[in-house]
Amino acid sequence: MLATTNAQNPRTIAVIGLSEVPSRPSHYVSAYMQQHGYKIYPVNPLIDEVLGEKSYADLSDLPIKPDIVNVFRLPKFIPAIVEEMIQLKLPDLWVQQGIIHLEAVARAESNGIHVVMDRCIMIEHRRATIT
């Protein structure tokens with residue numbers, strides 16, 4: 001189980017920057033999470049569908065409030081994502097491995113958002129299920 005502040009058993013993940021290209025980390029990490037029982041909500045305005053799920057232009061278009069927002073975007077996009085999360089009162093942000101934006105993380109945390117940064121959700125899920 002992944003640690004989050006809003007749910008003992010998170011089951012929904014909004015994936016910002018989910019690619020339809022199978023060799024991209026956003027795709028195979030999301031496919032892995034989907035195969036392990038998580039409902040994936042792609043957030044990518046450039047595609048209509050990926051992994052059998054409708055894609056949404058942004059977080060505010062989602063039909064639900066996801067348990068986790070998982071980000072596969074360049075660091076320069078993180079501040080705007082944090083602002084949208086603050087407006088929507090989404091409490092859990094996961095910023096994938098290799099993506100770091102300390103100011104955005106500080107802003108998120110000061111607004112009550114739990115942040116995991118520079119870590120892969122798939123790797124952490126595998127670790128949690130092995131132990």
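The second largest pocket of this predicted model has a volume of about 180 Å³, where a pocket is an open set of points on a 1 Å grid over the protein atoms alone, at which a 1.4 Å probe fits, with protein on both sides within 12 Å along at least five of seven lines; the volume is the space filled by probe spheres set on the points, joined across faces, edges and corners. Its lining comprises 13 residues, with I16, V43, A57, R73 and I81 closest to the centre (lining residues have an atom within 4 Å of a point). Helix α2 (residues 78-88) supplies the largest share, three residues. Eight lining residues are nonpolar, two polar and three charged (Ala, Val, Leu, Ile, Met, Phe, Trp, Tyr, Cys and Pro count as nonpolar, Asp, Glu, Lys and Arg as charged, and the others, Gly among them, as polar).

The largest pocket has a volume of about 340 Å³. Of its 17 lining residues, R24, P25, S26, F72 and R73 lie nearest the centre. The lining divides into nine nonpolar, six polar and two charged residues, and helix α1 (residues 25-35) gives the most, four residues.

Helices (H or I, at least four residues) and strands (E, at least two) are DSSP runs numbered from the N terminus. After α1 comes G37, with a positive phi near 95°.

Residues are numbered from 1 along each chain as its sequence is written. Local features need pLDDT of at least 70, side-chain atom pairs count only at pLDDT 80 or more, and totals for chains, interfaces and linings use all residues, while side-chain values use heavy atoms, with hydrogens and water left out.
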